[in-house]
Amino acid sequence: MQTSGTSGTIAPMNQPTTYIPPKVWTPPASSGGRFANINRPVAGATHDKPLPVGKHPLQLYSLGTPNGVKVTVMLEELLALGHSGAEYDAWLIRINDGDQFGSGFVAANPNSKIPVLVDHSGPQPQRVFESGAILMYLAEKFGAFLPTEGTQRAETLSWLFWQMGSAPFLGGGFGHFYAYAPEKIQYAIDRYAMEVKRQLDVLDRRLAEVRYVAGDDYTIADMAIWPWYGNLVKGQAYDSGEFLQVHTYTNVLRWTDEIAQRPAAKRGRMVNRVVGQPSSQLHERHDASDFDTKTQDKLAP
Ligand SMILES: N[C@@H](CCC(=O)N[C@@H](CS)C(=O)NCC(=O)O)C(=O)O
């Protein structure tokens, strides 16, 4: 047997590599793989850095990942409905550079993950973290995109929480092991591909029955699900379209394309975006006119 010190035991060279965990886990010097440099086994700030505050009541600290896009789409939808109180400053948090571990960010979100909203419209600034909580907070504050009673409300919340519980298996499970892990581990990829295809089938069957996930109306549940599962069925997540045969989920595709046509969805997906065509990226948003410099037509999914 070869041993690897405190990190555990590795099987002989001529057998499949099997990790035998030591009695007490210690973090590896580097696990390799994407994001290895920002992973830590402890919480808290690594450096002093206050968050900037702009001119609007709502301050968003985020990045244009699917979790970030949920919130910028919601804010743009609220503004499109005429809720001027939803004007916001969107500040860019570069998670690969560790911005989420600055003292100001950690005070706003002790979990050190984007997105974070701080509402300055009341007597004291109110922080809200977790994208699902931010969607609910905004929906209740403005009385929009979350039905107040009955089946539509129950369905909206059920599908919102379905997304919050399901996406970690898609991103942290499938996406991580298929695209980012330093080696391809068949057991892990099979396990998460199985789960992600099951989730897509859940969504596809639902969208065979209804126009939007909660029923007839577009809600915060659609806004939560679209950036994740819409990207996936368009082949825009982890370069996995062919592998997962995403073209077979025709109802999800129909719904994805319909939402992509909404002007607010087009604007929302541009905010805090740092990948793709330069014309699709609006790194910070402080005013509705900030979009004018960008060509939205290039944003077709
Ligand atoms: N459940 C959280 C997940 C947020 C999340 O995972 N954010 C990622 C980017 S999409 C992040 O900030 N990662 C930085 C890190 O893990 O250090 C939510 O929905 O708000």
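Helix axes here are lines fitted to C-alpha atoms over the stretch in contact, and angles between N-to-C directions run from 0 to 180 degrees. The model is a predicted one: local features need pLDDT of at least 70, side-chain atom pairs count only at pLDDT 80 or more, and totals for chains, interfaces and linings use all residues. Residues are numbered from 1 along each chain as its sequence is written.

Let's start with the two domains. An automatic or database assignment supplies the bounds, and the chain is divided into domain 1 (58-145 + 283-299) and domain 2 (150-269). Their C-alpha centres lie 21 Å apart. Where they touch, 19 residues of domain 1 are in contact with 17 residues of domain 2, contact being a pair of C-beta atoms, placed from the backbone, within 7 Å. On the domain 1 side, H1 and H3 each supply at least two residues, and H1 gives the largest share, 9 residues. That side divides into 11 nonpolar, 5 polar and 3 charged residues. Here Ala, Val, Leu, Ile, Met, Phe, Trp, Tyr, Cys and Pro count as nonpolar, Asp, Glu, Lys and Arg as charged, and the others, Gly among them, as polar.

Helices are DSSP runs (H or I, at least four residues), numbered from the N terminus, and the expected span is 1.5 Å times one less than the number of residues.

| Helix | Residues | End-to-end C-alpha distance | Expected span |
|---|---|---|---|
| H5 | 186-209 (24 residues) | 35 Å | 34 Å |

In H1, 13 of the 15 residues are buried, so this helix is largely enclosed by the rest of the structure. A buried residue has 20 or more other C-beta atoms within 10 Å of its own, with C-beta atoms placed from the backbone. Just after H1, Gly-82 takes a positive phi of about 100°.

H1 also has a neighbour in helix H3 (residues 131-142): their axes come within 9 Å and cross at roughly 10°. That makes the pair roughly parallel, a label for angles under 35 degrees. H1 contributes Asn-67, Lys-70, Val-71, Met-74 and Leu-78 to the contact, while H3 brings Ser-131, Ile-134, Leu-135, Leu-138 and Phe-142. By class, these residues are 7 nonpolar, 2 polar and 1 charged. An α-helix has 3.6 residues a turn, so residues three or four places apart point the same way.

Now to H5, whose buried residues are Tyr-192, Val-196, Gln-199, Leu-200, Leu-203 and Leu-207. They pack against helices H4 (150-180), H6 (220-233), H7 (241-244) and H8 (250-260).

Technical notes. Buried ≥ 20, exposed ≤ 12 C-beta atoms within 10 Å, placed from the backbone. Parallel < 35°, antiparallel > 145°, perpendicular 65-115°, else oblique. Contact = placed C-beta atoms within 7 Å.
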